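Thanks for asking me to look this one over. My notes are below, as numbered points you can check against the model.

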4 protein chains.
Amino acid sequence: MSSNTGNRYVLGQNQYGKAENRVVKITRTGNDGSWHEIRDLNVSVALRGEYRDVHLTGDNANCLPTDTTKNTVFAFAKEHGIDSPEAFAIRLAKHFVHSQAPIHEAQIRVEEYAWDRIPVPTRRDQHSFVRSGQEVRTAQVTYGGNSGRLEVISGLKELTVLNSTNSEFHGFLKDKYTTLKEAHDRILATKVTGRWAHSVVASGDEDFDWDRSYKDVKRRLLEAFADTYSYSLQQTLNQMAERVLDGCPTVNEVRLNLPNKHHFLVDLDPFGLKNDNEVYYAADRMYGLIEGTVHRDGVSPVIATSDWVTG
Amino acid sequence: MSSNTGNRYVLGQNQYGKAENRVVKITRTGNDGSWHEIRDLNVSVALRGEYRDVHLTGDNANCLPTDTTKNTVFAFAKEHGIDSPEAFAIRLAKHFVHSQAPIHEAQIRVEEYAWDRIPVPTRRDQHSFVRSGQEVRTAQVTYGGNSGRLEVISGLKELTVLNSTNSEFHGFLKDKYTTLKEAHDRILATKVTGRWAHSVVASGDEDFDWDRSYKDVKRRLLEAFADTYSYSLQQTLNQMAERVLDGCPTVNEVRLNLPNKHHFLVDLDPFGLKNDNEVYYAADRMYGLIEGTVHRDGVSPVIATSDWVTG
Amino acid sequence: MSSNTGNRYVLGQNQYGKAENRVVKITRTGNDGSWHEIRDLNVSVALRGEYRDVHLTGDNANCLPTDTTKNTVFAFAKEHGIDSPEAFAIRLAKHFVHSQAPIHEAQIRVEEYAWDRIPVPTRRDQHSFVRSGQEVRTAQVTYGGNSGRLEVISGLKELTVLNSTNSEFHGFLKDKYTTLKEAHDRILATKVTGRWAHSVVASGDEDFDWDRSYKDVKRRLLEAFADTYSYSLQQTLNQMAERVLDGCPTVNEVRLNLPNKHHFLVDLDPFGLKNDNEVYYAADRMYGLIEGTVHRDGVSPVIATSDWVTG
Amino acid sequence: MSSNTGNRYVLGQNQYGKAENRVVKITRTGNDGSWHEIRDLNVSVALRGEYRDVHLTGDNANCLPTDTTKNTVFAFAKEHGIDSPEAFAIRLAKHFVHSQAPIHEAQIRVEEYAWDRIPVPTRRDQHSFVRSGQEVRTAQVTYGGNSGRLEVISGLKELTVLNSTNSEFHGFLKDKYTTLKEAHDRILATKVTGRWAHSVVASGDEDFDWDRSYKDVKRRLLEAFADTYSYSLQQTLNQMAERVLDGCPTVNEVRLNLPNKHHFLVDLDPFGLKNDNEVYYAADRMYGLIEGTVHRDGVSPVIATSDWVTG
């Protein structure tokens, strides 16, 4: 995807598209259409391909406007519906690559916001919703490239969890700048960002149930967090990832980003009070940040790490 | 609360204190203390009183440090526990006014973040939580002043709701700048900020169940939003407020701030598609903003409006 | 502005309008129009008046759509230009009240974002800008009501300032929860939110130079902050307000909201290092919050305080 | 950096450390130390190495606490001062890798917030500052790994720029979803995120003037943006990157992330007004997003792209 720019420099990786298209789709079911379903997505499009001229001379002959990619998102919501973030993104990615020769690869990213129904005792029709807010579901689909590959990465973010006991931290390495006291019973809290890559079996299966898969993974992440007696947040991270790989055969790789949301035990001694792991100060910054990938043997990781890593 | 500053100007309303004290309280119950409860609060303190000298000369003799107000929040969490945001705030406000002569009035503001339990099938102990995220609960308690009054205002914010039908908007006033088309079936969505003031009966009752009251009000707000066939967001606002006043005899006044989260029907005609109220674009800005107070007859409103209002 | 709702409750203060209309105005000057000026505003409209029916029955006959108020903002930018946030807001507020009988009062709020020119040595035309980002300028204009008053409040926010010395804090009140050490040389830093109300002389003067007035007030706030040897942030607040009142005869009242952005001296003793007021940890939360109004004698304050205040 | 986890799965890329350490350093110069300099940094540490055990069993013997990495940041600010974000990060990265065998690689990320002096006419001492706010400076240093490489990437973010003319967009590719009109005179505005990688000559030079280099690059980015008559934002991107490579021989690679901050010409025809490129609506979302790397021939790009890219 590189090309020489005016004999002087090289144009490296580049991409463009319309970001953050907020599309809400209402579907009416039931005999009289009075039972409504809602899907609420934020869709970003990135296209890669033969874009040397648009960079070097501003010749836009190969450049499908970002506005067109936006229109496509909304039109596809009508034409094809939104079965799941992943299925919707796969359809969009394939469309862009198949419909225009200069587009070699497309990456679609989606955030989905969940809505619960508002329970109204006296009503049988259903068109009232309240935002759930617990976490944001994510999906990233990349299609095309030299390899012609379809890569589906599902995920979630802003899932905040806390264990009020069963967490220790001691036996750590010490140097001249170490002042931390060992902890034998602490709060462990984190705001989970997780992503997981699917095997070609899942990605290529047009009937794969992405919503069910999502629920399974989320439940496993939560249960593993709750179940793990933790000696380090790294250990908890590994347990969470393994729990997903254990139960989800079509998931090949899990990457977790776990900020350690520190809850410091408040020193109440000056006031003649004993703080027996009861009162904590929840700090914002600084925070520990633990990140890691766990994958099946023989699989090449595809989920981006936070940055440049030497071999 | 005004005083002359050096014969030149007048010191008007002023207040100070420590803001945003994030206190998390874990309570252990059950035979072996393995059943944990959590309350997660953000507490802000504002003190008012004899503070002329600290402003005019920097004489701090009357000035209890903001750091002390912070310490008090954490110490009180241990000494008295956190029964509810309101009860905790009342205790703090009374403490400041009663303990130091220069403090004539104290205002405590609280945000509370809700946690759900993580269900773990095989476990009987309970110490694992996930942030609910649906809304933030608020409370504001003011105590003291010339009138010696105790004022309790409960509330919530960031409660996002949506009706996918049963909303119209037409018959409106038109001028030369009016281009809006009449709407006979639109999405109505808003992010509710609500506050409600309690009668002296509730505020003065040490056994008042603030948590139960909060649940009642929230349920009524949601149900009224869902039930109302709306001809304007103002009408929905009024219905929501009245539903609370109808069912909660100790609530005297309700104020709602309802941004109209516009969902625009996308024009799919250029693509040969008919959009029968199915595909919407969710806009960020601009947005309509509807605010209003509804209160019982004979009651003087106490909830601050957004700004200066002529008589 | 209250009215009985269906014989049951009272509709109190209410208002509505379109919020956050982002309008950018380019003006071309010079012989060939190649010298461009830019004004970049975020304008919010709130209307008050005869809105009982729209709340009670959804009858919109008195309700000018929020969409129309948006159109008016953009049309006025063309028809009248944007001389200053204040002048633009005054014109809008008067228009709404004068053009429709049900509108008794209008409040316009504006944020303005400043742009600097990008210096390009070889160019004489000027159409390139970079956002300044130092602070956001604000204005709030209220017109109408029973009193027919025009009230202009100018302001700024997000102006972050820091003195690295000449600040002390000691001699304060102590109670059983006080652990704070006295400080004889500390960093004093705050993020200024300031508002100032103008006299009727200024508000009613169609030729008043609002931009010049804004620059004067901002300069005085900065200089007073820098000049004051501080024994408390309250003292600094008062000095800043007085400096404005001293030099700006048409400003009647100043209100400042000063969060104490704590910079804690880091304890480096464990590492054998002496920290002689050199290395600080900049904390986010908790923070002291100091708020106050200073006004001329004989003037009734009009700038809203943060909340309900007993007499 | 991979290792087998309990014979079942593979631990892939992982890292940990303390993020967002906010350190402010005051330096006193002049005869009496009354001339103060300030540097205000947000420093994040990530360590990579032999961390299999901490993930698999919670054995922390190889795990230097994140708290220690925080202490090191503050202690180094005292011991070595902060000459520049890059120099400070290089020193920290080398320290971690050289001081503990399990640490094979360290990555330090820095944000720097600029302060201007508050001009006070009557004063010769200088200790008063106001946050500049125009952009945030960034640096990322990675040291170690199998290759023993030192990689320095400088950058900036939140630099918002606008050209009010000299931008067109036409001649683009069209498909059935294309409705965009061609534009022959439009506003071009973007919020620049830029990163640039330095050659080993610069990275390895202990006397390299990072602050001067930063100023040069920023000036070139601004000038190129202002100077370019643009037929597409991609063309502007390329011009900006080339201008940096042209003038900064120690910069090998530039990557820019340019959201197209759309300014839509408002249709004022319904109000009988002609909008001759004067009044614009500044939109938030959706936005075009243009990203690209330009590098010298023969250089392997090291700046992370936004995500997974097929070969």
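**Notes on the predicted model**

1. Let me begin with a backbone detail. Glu158(B) lies in strand 7 of chain B, which covers residues 149–163. Phi of Glu158(B) is near 65°, a positive value in a residue that is not glycine. Please keep in mind as you read on that this is a predicted model.

2. Next come the cis peptide bonds. In chain B, Arg285(B) and Met286(B) are joined by a cis peptide bond, with omega about -25°. Met286(B) sits in the loop between strand 11 (279–282) and strand 12 (287–296) of chain B. In chain C, the bond from Arg285(C) to Met286(C) is cis, with omega near -25°. Met286(C) is in the loop that runs between strand 11 (279–282) and strand 12 (287–296) of chain C.

3. Now to the interface of chains A and B. Chain B and chain A each put residues into the contact: 56 residues from chain B and 56 residues from chain A. Between them the two chains bury about 4,700 Å², and 60% of that is on carbon and sulfur atoms. Two salt bridges are counted between chain B and chain A. Lys78(B) forms a salt bridge with Glu278(A), and the closest N and O atoms are 2.6 Å apart.

4. In chain A, have a look at helix 5 (residues 210–227) and helix 6 (residues 233–247), which pack at an angle of about 140° with their axes 8 Å apart. Helix 5 and helix 6 of chain A are therefore oblique to each other. Their crossing is right-handed. On the helix 5 side of chain A, the contact residues include Val217(A), Leu221(A) and Phe225(A), while those of helix 6 of chain A include Met240(A), Arg243(A) and Val244(A). By class, this contact of helix 5 with helix 6 of chain A has six nonpolar, three polar and four charged residues.

5. The axes of helix 2 (residues 66–80) and helix 3 (residues 85–99) of chain D come within 11 Å and cross at roughly 125°. That makes helix 2 of chain D oblique to helix 3 of chain D. The crossing of these two helices of chain D is right-handed. Among the residues making the contact are Val73(D), Phe76(D) and His80(D) of helix 2 of chain D, along with Phe88(D), Leu92(D) and Phe96(D) of helix 3 of chain D. The residues of this contact between helix 2 and helix 3 of chain D divide into six nonpolar, four polar and one charged.

Methods. Residues are numbered from 1 along each chain as its sequence is written. Chains are lettered from A and ligands numbered from 1 in the order in which they are written. This is a predicted model: local features need pLDDT of at least 70, side-chain atom pairs count only at pLDDT 80 or more; totals for chains, interfaces and linings use all residues. Side-chain values use heavy atoms; hydrogens and water are left out. Axes are lines fitted to C-alpha atoms, for helices over the stretch in contact, and angles run from 0 to 180 degrees between N-to-C directions. Helices (H or I, at least four residues) and strands (E, at least two) are DSSP runs, numbered from the N terminus. Angles under 35 degrees count as roughly parallel, over 145 as roughly antiparallel, 65 to 115 as roughly perpendicular and the rest as oblique. A crossing is left-handed if the near helix is turned anticlockwise from the far one by less than a right angle, and right-handed if clockwise. Contact means heavy atoms within 4.5 Å. Ala, Val, Leu, Ile, Met, Phe, Trp, Tyr, Cys and Pro count as nonpolar, Asp, Glu, Lys and Arg as charged, and the others, Gly among them, as polar. Buried area is the accessible area (1.4 Å probe) that two parts lose on being put together, summed over both. A salt bridge is a side-chain nitrogen of Lys or Arg within 4 Å of a carboxyl oxygen of Asp or Glu.
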